[in-house]
There are 2 protein chains.
Amino acid sequence: MASRTRPAQRRTEALSRERIVEAAVELLDAAGEGGLTVRALTQRLATGPGTIYWHVGNRGGLLDAATDAVVAAALATEPAGAPGTPQDEIRAIALGLFDAIAGHPWLATQLATQLSRSPWGLVTPRIFESIGRRVRALGVPEGDWFTAASALVHYILGAAGQNAANARVLASDADRAEFLDAASRAWEELDPDDYPFTRAVANQVREHDDREQFLAGIDLILTGVTTLHPPTGQAPAPPAT
Amino acid sequence: MASRTRPAQRRTEALSRERIVEAAVELLDAAGEGGLTVRALTQRLATGPGTIYWHVGNRGGLLDAATDAVVAAALATEPAGAPGTPQDEIRAIALGLFDAIAGHPWLATQLATQLSRSPWGLVTPRIFESIGRRVRALGVPEGDWFTAASALVHYILGAAGQNAANARVLASDADRAEFLDAASRAWEELDPDDYPFTRAVANQVREHDDREQFLAGIDLILTGVTTLHPPTGQAPAPPAT
DNA sequence: ACCTGAACACCGTTCAAGT
DNA sequence: ACCTGAACACCGTTCAAGT
């Protein structure tokens, strides 16, 4: 029996950047952005602050890495076997991001921060490419690719971010109903002179389904794209006046 | 030595919540979210931390108040005398928010944070109402008001937020050209196998105009809305198959 | 190369005390 | 009612020192 005597070591593997990012995501999921502190991380990983700073530059870099890791995972599940129409694939990708933000609500703020800081980070091209390929498959003329893909990505990130709060409470259906009821009631109590429209749609808030509503917005943009930027060779419809 | 950076002059008026929020916006504009510290505020207002906490609850509340103040100001300029078509008014409101975020880049992150936290804060109804009235004026059937207005608001906030970085450097045309050139070049250098679409549109990035692009997205949604939710009495177009 | 932990500068917030 | 400033707990980050 040639069993190697394993030296008693604290951790079985050396700490890695991946392991640290993984722990960061766990902390963020558990307690939001405020939950990610270097000290909480050192405790969870049984190490000192110096180790964190040796592997990842600083807290900001860690936040960026966590964001990229979660987005990459969400987009990785996209080629779901059977390819559908470009529209179907866009809906699937969009829902994947929507659900990722629902599962990691801190993503909403973090994506806004990261994207507003520099559009050529890691995250933007990833999302842009994924949507863009389907825009191309739609037959949109090349000159309109950037406009069409941008509109979709902007909408997806904007809508998903603003639904993060709803989704967080989605756990129980009763909680969700209570949440929507409270939201609806708050809107019904607004000043009738200042907020006639918002009051009028308050009951639609109570009954709506986040994901359906989100997809309805996607369909509005897709309809606009195929109407204003039809495949080359087909005449564009006259602008609605 | 009696030299001070600030004249040891006593304030003429008592501090007010409005004055504090105003100073907070100045600090945010000057140095981003990190620039707003209670200590920087006490120095600028020549007071102690207790005063800040007496007038506004805490730093979070101050951030919310600053966000609401800037958004309210942006929406207040909307009734620009001559009323146009609902489409024109939606474009004008959207551009107002776009420019507000461009002038106060910290708004992007702050809006995402505030909206993802609770959709029934102050800011959401303000924006929603402003857009919603024009959706109604468009003749959209009442059952589709919420969907149409939501799509527009989600897009506006998403797109404006993601353009905050570009806008920040918009000061000089030369700086802007350099910025877009760097962005375009970064995309051209992506892996050809992983990012064919993104590389293909890289040169459109260099030439695009933020505001035009933003409005093009608005028009895509408006086209979708008038196509899928035409005024009652007109038959909706068949879904694209 | 990787890790440790004390130390530093800074932060949000509280509160007894003043006017 | 409004303001002051010391004090507290906590934070991100650094760095000389260890293996």
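**View 1. The protein surface around DNA strand C in this predicted model.** If you count the atoms of DNA strand C within 4 Å of the protein, 58% are part of sugar or phosphate, and the rest belong to bases.

**View 2. Polar atom pairs at DNA strand C.** Start with the backbone: an N or O atom of A:Leu15 sits 2.9 Å from a phosphate oxygen of DNA strand C. Another backbone N or O atom, from A:Gly50, lies 3.1 Å from a base oxygen of DNA strand C. From chain B, a polar side-chain atom of B:Tyr53 is 2.7 Å from a phosphate oxygen of DNA strand C. Two or more residues of the surrounding surface come from each of these elements: helix H3 (49-55) of chain A, and helix H2 (38-45) and helix H3 (49-55) of chain B. H3(A) gives the largest share, 5 residues.

**View 3. The protein surface around DNA strand D.** Which residues are closest to DNA strand D? Among the 22 that surround DNA strand D, they are A:Arg39, A:Tyr53, B:Thr47, B:Trp54 and B:His55. This surface is made up of 9 nonpolar, 8 polar and 5 charged residues. Sugar or phosphate accounts for 57% of the atoms of DNA strand D within 4 Å of the protein, with bases making up the rest.

View 4. At least two residues each of the surface near DNA strand D are supplied by helix H2 (38-45) and H3 of chain A, and by H3 of chain B. The largest share, 5 residues, comes from H3(B).

**View 5. Chain A laid over chain B.** A rotation of 180°, with 0.0 Å of shift along its axis, superposes chain A on chain B with an RMSD of 0.1 Å. The two copies are therefore related as by a two-fold rotation axis. Both copies use the same surface, since 99% of the contact residues of chain A recur in chain B.

**View 6. The largest pocket and its lining.** How much space lies in the largest pocket? About 790 Å³. Its lining has 33 residues, and A:Glu33, A:Thr109, A:Thr113, B:Glu33 and B:Thr109 lie nearest the pocket centre. Chain A and chain B each give two or more lining residues from helix H1 (17-31), helix H4 (59-76) and helix H6 (106-117). The lining comprises 9 nonpolar, 13 polar and 11 charged residues.

**View 7. A:Pro86 and its contacts.** A:Pro86 belongs to helix H5 (residues 86-103) of chain A. Setting aside neighbours within four places in sequence, A:Pro86 is in contact with A:Arg134, A:Ala137 and A:Leu138. For a sense of scale, the C-alpha atoms of A:Pro86 and A:Arg206 are separated by 32 Å, and the two residues are 120 residues apart along the chain.

Technical notes
Residues are numbered from 1 along each chain as its sequence is written. Chains are lettered from A and ligands numbered from 1 in the order in which they are written. This is a predicted model: local features need pLDDT of at least 70, side-chain atom pairs count only at pLDDT 80 or more; totals for chains, interfaces and linings use all residues. Side-chain values use heavy atoms; hydrogens and water are left out. A residue is near a molecule or strand if one of its heavy atoms lies within 4 Å of it. A polar contact is a pair of N or O atoms within 3.5 Å; within protein, one must be able to donate a hydrogen and the other to accept it, and residues adjacent in sequence count only if both atoms are side-chain atoms. Helices (H or I, at least four residues) and strands (E, at least two) are DSSP runs, numbered from the N terminus. On a 1 Å grid over the protein atoms alone, a cavity is a set of points where a 1.4 Å probe fits but cannot get out, and a pocket is an open set with protein on both sides within 12 Å along at least five of seven lines; lining residues have an atom within 4 Å of a point. Grid points are joined across faces, edges and corners, and a volume is the space filled by probe spheres set on the points. Ala, Val, Leu, Ile, Met, Phe, Trp, Tyr, Cys and Pro count as nonpolar, Asp, Glu, Lys and Arg as charged, and the others, Gly among them, as polar. Copies are superposed by least squares on the C-alpha atoms of residues with pLDDT of at least 70 in both. Contact means heavy atoms within 4.5 Å.
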